[in-house]
Structures are given as structure tokens and as C-alpha cells.
Amino acid sequence: MGIKRLSAETIKKIAAGEVIECPTDIVKELVENAIDAKPSRIFIDIRGGFQRLEGSIRVVDDGVGIAGEDFNNLFERHSTSKIVGLDDLLGLNTLGFRGEALASIGAVCRVELASRIDRSEMGNRVVCDNGKKVEFEPCAMPEGTIVNVKDIFKHLPARLKFLKTDRVELNKITHLITHIALFYNSLSFELVINGARSFYSPSSEGEPLVRIADLFGYEIADAMTEVIHRDGDVRVEGFISAPDITRGNSRNMYIAVNGRPVNDREIIYAILNAYKGLLPDRRYPTAVVNVIVPTDMYDVNVHPRKSEVRFRDVRRVTGIVYKGISRALSSAIKFRSAVLGASSISSPSSKSSTFRKSETALSREDLTLKSGESHIDVNGDSLREYKYVGYIGKKYVIYSGRDDLYIVDQHATAERLLFNQLVSVYESGSAKTQVLLIPKPIYLSPEREQTLSFIRADLERLGYDFDEFGDKFILLRGIPSLLPRHEEVLLLEDILDGLDIDRIKERGIYCVLAEISCHKSLRSDRRLSPEEADKFFNDLLVLPDDQRRCPHGRRLMMVISEEEMDRYFGRR
Ligand SMILES: Nc1ncnc2c1ncn2[C@@H]1O[C@H](COP(=O)(O)OP(=O)(O)OP(=O)(O)O)[C@@H](O)[C@H]1O
Ligand SMILES: [Mg+2]
């Protein structure tokens with residue numbers, strides 16, 4: 001057989017086979033494209049049945065979209081908007097750069113892509129099947145991009161035969177999205193598998209632990225210690241679990257390099273090394289670790305699926321990771337806060353319950369206060385076991401117990417207590433109103449008006465009192481007695497501006513209550529008097545374990561036990 005040049009189609013399929021090996025790789029490419037489009041949310045909808053050619057993958061984003069004129073180049077190999085030349089790889093701040101992914105997916109599946117940019121009234125829709133564009137038409141749609149992939153690997157039968165079972169594949173997809181979501185806190189992610197929501201994690205910008213809690217549960221989030229370490233131009237950041245929370249495999253160790261989720265055995269190994277001697281045999285920690293290095297210190301272009309990077313000086317990088325993790329671990333061991341739930345003050349009735357998710361994940365059942373159910377014996381005797389000590393800075397109130405030291409976040413706790421009061425008056429319908437001497441007009445933009453019409457009855461049930469006032473205004477006549485008379489207009493305006501109707505529809509009144517209780521205008525920097533501090537702590541102690549979070553998921557208290565102090569001072 002002589003040497004012959006392969007046909008263009010064969011070349012395309014062979015190349016495609018390198019970029020996408022399995023359905024999970026398709027999901028990865030589509031979600032990475034979505035992220036590069038700078039969206040605020042990404043929705044991923046997966047249907048199984050891959051081996052029977054029944055599977056499908058749909059990824060929707062509200063990012064910048066693709067302009068009509070760029071549709072010509074879609075599904076063409078080596079076509080990208082992300083780099084122009086090799087030099088751009090150095091300063092790369094997108095996940096994609098090769099211009100291969102869509103062409104590869106289009107070569108072996110049927111892909112429908114619709115997209116609209118902000119400037120354009122209409123979007124466009126194209127279908128690429130077996131490497132050919134078969135349909136193209138304008139379409140009406142919101143800004144962003146929708147990609148629908150079907151007939152997965154239909155046009156690469158050899159691959160089709162080797163597809164893993166749905167269970168394996170869907171598991172891989174969930175793992176992948178978890179990995180990505182952990183490093184893109186500012187985006188909201190929703191993953192639906194076979195019609196059921198696998199997870200929904202709203203944006204948790206600035207609160208990485210909330211994202212971790214959304215994905216792994218609060219028990220794990222509570223056991224996490226922050227890693228912040230710097231050595232010259234290399235930084236290691238993230239969260240790692242305390243040694244007493246372990247897993248049977250290393251799948252919960254998620255790594256990113258400059259925010260790009262990667263699988264990096266060397267970094268994982270460095271982390272495990274730092275845990276040496278602390279974990280039982282064949283047990284693994286949970287870790288979410290981002291290694292930040294100058295872009296000229298590594299190459300992103302080394303793996304066909306871009307899931308690995310190569311460092312110029314891998315020993316230096318892993319050495320720094322090792323050190324960062326070791327340091328974080330030693331302080332974690334010193335201060336491993338039994339942060340509630342595991343501490344001596346956890347309430348007997350709710351030992352088994354886990355901490356609640358952030359406000360957005362709250363449901364009615366979660367928050368209904370079970371009045372009448374006593375959580376702790378708060379008689380005078382038990383109270384005397386705790387003593388108010390004072391403040392650290394402006395935020396933290398310190399109490400000493402018989403065997404523990406308690407550090408309480410005043411704001412977060414005040415927010416939780418107010419939230420519970422609001423829930424209670426809302427549910428019992430017993431709200432009282434304080435009438436404003438001078439009613440205040442509030443300007444209603446169309447969005448505000450819509451939001452208000454949606455929650456007005458709920459606000460009134462809380463004690464708000466409104467009156468109609470012309471076309472574009474509403475008159476605020478009274479506010480809930482529970483709320484302080486302070487910036488009441490600002491509070492209401494912020495609530496109307498900040499709430500998303502979809503979220504209210506989904507989460508109900510509780511996200512409105514959370515929004516109110518956490519509003520900045522209600523935050524007092526005033527120090528509590530010793531008597532107030534006593535009552536405050538008391539109120540906190542009667543909260544069941546699952547309410548010892550502020551409505552947005554932040555912790556209320558840290559506990560350091562005598563045992564931990566002993567360990568710290570080398571007495572154990
Ligand atoms: N969800 C999306 N939103 C906006 N533009 C998109 C989206 N998906 C794809 N594109 C556009 O299509 C181009 C081609 O996408 P493709 O994934 O094939 O290549 P890439 O992302 O540039 O590089 P790579 O092959 O490394 O992923 C992108 O460069 C981008 O301009
Ligand atoms: Mg891409």
C-alpha cells in the first residue's frame with residue numbers, strides 16, 4: 001500500500017477524536033466556551049443514553065454571544081476569536097485558544113448553535129451535522145449562546161462503541177462541572193441531569209466557602225481551612241480540609257492553575273505530601289487549590305484536551321504548594337474550630353442535621369421555625385457556664401465557657417437572629433407596623449414596580465404599609481416594628497433593586513427575608529453592653545445547629561476547645 005494523503009474529512013475526524021474522547025469532553029469544551037463569553041450564569045442540561053445514541057448535551061449562557069458575521073467561521077477548524085498568534089498564549093486569559101473544539105464536536109455529532117449579541121435585535125441559528133453546516137437562519141432569542149449537541153459520536157462509530165455506561169459518564173460530567181464551578185465563584189451554575197437538578201449554585205463572589213458548601217455540603221465547608229501563601233511571584237490560594245475529614249479517594253482534590261481547572265498529579269502529590277502523617281492510610285483530603293504563577297512560567301498548550309499544563313520549574317512550584325499547604329494545616333490543627341455542630345454546645349435535638357445552604361438554597365421546610373421545640377436547656381444554670389469577655393476589634397464578641405473559648409461574629413449573628421424573627425412574624429401573621437410620621441415616596445422604575453407587585457403582599461404581611469402615589473411612585477407609610485427606623489427607604493429600594501424575580505419565584509419569600517436581614521443599613525457597629533452581650537449569646541445558643549449560619553451562609557461562631565489549646569501549647 002503506497003503512501004496516500006488522507007481525505008480532508010478523515011483528517012477532520014481523526015483530529016476531532018483527539019480533542020473529544022467522550023461526552024464529558026464535549027461538556028468541558030462547551031462550558032469553557034460559555035465561561036470565555038463572560039456570562040453571569042451557565043445552565044447545563046444533560047440527557048443520558050449515550051451508548052444508544054440518545055444522549056444530549058445542552059449548554060446555555062448569557063454571555064456576549066456571537067455576531068452574525070462570525071457565523072461563517074463557526075465550526076471551521078483553527079478558527080478562534082481568542083488569540084491571533086503564538087505570543088498571545090503568554091498573556092492568555094481565556095480557557096480556549098485553539099479554535100478546534102466546535103469544529104471537532106461538529107465533525108462527529110449534530111450540533112445546533114444559536115447566539116445573539118447585545119447590539120443585534122435578532123440572533124442566528126446554525127446546525128452542523130457530520131462536519132457540514134446544514135441549516136442557517138436568523139432567530140429570536142435573548143442575548144447569549146445556546147448549544148445543543150445530539151447524535152453524540154454518531155459519525156465516529158469506533159468511539160461510540162467504546163463509550164462508558166451512563167453512570168460513569170454522568171458521574172464524570174458532575175465531577176467536571178464541580179471542578180469548574182469551584183473556581184468560578186462569580187458565575188451561577190445549574191446542572192440538570194435527566195430532567196432532575198443535580199445542583200444549582202448561585203454566584204458566590206467573595207464567598208468561596210459558600211460555593212464549597214453548595215457543592216460539598218456545610219459539614220465539609222466547615223472543616224475547610226483557608227490557604228494563602230506567597231513565595232516571590234507564585235501564590236497558592238484555596239481551601240483544604242482538616243485532617244479529620246477524609247475520603248476514600250482523591251477525587252475531591254480540585255486544582256487550578258491561574259484559575260484554569262486542571263488535573264495536575266504533581267500538585268496533588270505535593271498537597272498529599274503536606275498531609276503526610278496526618279491522614280489514615282489511603283484516606284484523602286478535600287482540597288480546592290489555585291496556584292497562581294506568571295504566565296511565562298508554564299505552557300497551557302501541552303495536552304489535547306487542555307486538561308494539563310506544564311511548568312517550567314515544576315519542583316519550585318510543587319515546593320511552594322507543599323509549603324503553603326503545610327502552613328495552612330499547622331494553623332488549622334492549632335485552631336481547628338469545632339465550629340458548632342461538633343462542639344460541646346451543639347443542641348441535642350439536632351446533632352445529625354447538617355448546616356443549611358446559603359439563602360438561595362433555603363426552602364420553606366428548612367426555615368420554618370419549629371416553635372415550641374426546645375433545643376437547649378437555657379435555664380439560669382446553663383447560662384452561667386458562659387461568660388462575656390469582651391471584643392476583638394469591632395466585629396468579634398468573645399465569651400469563655402468552662403472548656404471552650406467562643407468567638408462570635410456579631411453581624412452575622414445579628415442577621416440570623418433578625419431573619420428568624422422575620423420568619424416567625426411572617427409565618428404567624430403577627431407582624432406589627434410602626435407608622436412613619438411623614439410618609440416617604442419611593443420611586444418605582446418599571447423593574448422595581450414589577451418586583452414590588454410580586455412581593456407586595458408578602459411585605460405587607462411583614463408589617464410594611466404602602467399607599468398608591470401617582471404613576472411612578474409608591475408611598476411608604478409604615479415599616480415592620482421589628483426593623484429599626486433607619487434608612488428605611490434605602491433598605492426598600494435596595495431590596496426592590498437587588499431581588500431577582502426568578503429567584504423569588506424559585507425560593508419564595510425567604511430570600512426576601514434574607515435580603516432584608518442582611519441589609520447594610522441594619523448593621524450596627526455599636527458594641528453590645530455586657531447585659532446585651534449575654535442575651536445575644538443566649539439567643540445564639542438556642543439556635544439549632546442548622547441555623548447557625550447567617551441567611552447567606554456565613555458562620556456565626558468559632559469554638560476553640562481546651563483540648564485544642566493543650567495541643568497548641570504542646571501539653572498533649
Ligand atoms: N458560548 C459562546 N459564546 C460566545 N462565543 C462563542 C461561544 N462558543 C464559541 N464561541 C466562539 O466560537 C469560537 C470557536 O469556539 P471553539 O471552542 O471552537 O474555539 P476556542 O474556544 O477559540 O478554542 P478551543 O478550541 O481551545 O476551545 C470561539 O473562539 C468564540 O469566538
Ligand atoms: Mg473553546
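**Before you start**

This is a predicted model, in which local features need pLDDT of at least 70, side-chain atom pairs count only at pLDDT 80 or more, and totals for chains, interfaces and linings use all residues. Residues are numbered from 1 along each chain as its sequence is written, while chains are lettered from A and ligands numbered from 1 in the order in which they are written.

Helices (H or I, at least four residues) and strands (E, at least two) are DSSP runs, numbered from the N terminus.

**Stop 1: ligand 1**

Select ligand 1 and show the residues around it. Which residues come nearest to ligand 1? Of the 22 residues around it, the nearest are Asn33, Thr80, Ser81, Gly96 and Ala101. Here, a residue is near a molecule or strand if its C-beta atom, placed from the backbone, lies within 6 Å of it.

Now colour α2 (23-36) and α3 (101-108). Each gives at least two residues to the shell around ligand 1. Colour the shell by class: nine residues are nonpolar, eight polar and five charged. Ala, Val, Leu, Ile, Met, Phe, Trp, Tyr, Cys and Pro count as nonpolar; Asp, Glu, Lys and Arg as charged; the others, Gly among them, as polar.

**Stop 2**

Two packed helices are described by the angle between their axes and the distance between the axes. Axes are lines fitted to C-alpha atoms, for helices over the stretch in contact, and angles run from 0 to 180 degrees between N-to-C directions.

Angles under 35 degrees count as roughly parallel, over 145 as roughly antiparallel, 65 to 115 as roughly perpendicular and the rest as oblique.

The crossing of α2 and α5 is right-handed. A crossing is right-handed if the near helix is turned clockwise from the far one by less than a right angle, and left-handed if anticlockwise.

Show side chains next. From α2, Pro23, Thr24, Val27, Lys28 and Val31 meet Glu169, Lys172, Ile173, Leu176, Ile177 and Ile180 in α5. Two residues are in contact if their C-beta atoms, placed from the backbone, lie within 7 Å. This contact of α2 with α5 holds seven nonpolar, one polar and three charged residues.

**Stop 3**

Strands of a sheet pair through backbone hydrogen bonds, either parallel or antiparallel. Select β7 (residues 188-193) and β8 (residues 196-201), which pair in the antiparallel sense over five bridges. Two strands pair if DSSP finds at least two bridges between them. Glu190 has Tyr200 in β8 as its bridge partner. Two residues lie between the strands of this hairpin, and Asn194 takes a positive phi near 50°.

**Stop 3: a sheet of five strands**

Select the open sheet with the order β9-β10-β13-β11-β12; its pairing is mixed. β9 (224-231) and β12 (260-262) are at the edges with a single partner strand each, so one side of each has no neighbour in the sheet. The twist averages 20° from one strand to the next.

Zoom in on β10 (residues 234-241) and β13 (residues 287-292), an antiparallel pair over six bridges. Gly238 stands opposite Val289 in β13.

**Stop 4: a sheet of three strands**

What is the order of the strands in the next open sheet? It is β19-β21-β20, with antiparallel pairing. β20 and β21 (residues 473-480) pair over five bridges. Find Phe469: its bridge partner in β21 is Phe473.

**Stop 5: α16 and two partners**

Select α12 (residues 410-428) and α16: the axes come within 9 Å and cross at roughly 140°. That makes α12 oblique to α16. The crossing is right-handed.

Last, select α14 (residues 488-498) with α16 (residues 509-517), whose axes come within 10 Å and cross at roughly 135°. That makes α14 oblique to α16. Leu491, Ile495 and Gly498 in α14 meet Val512, Glu515 and Ile516 in α16.
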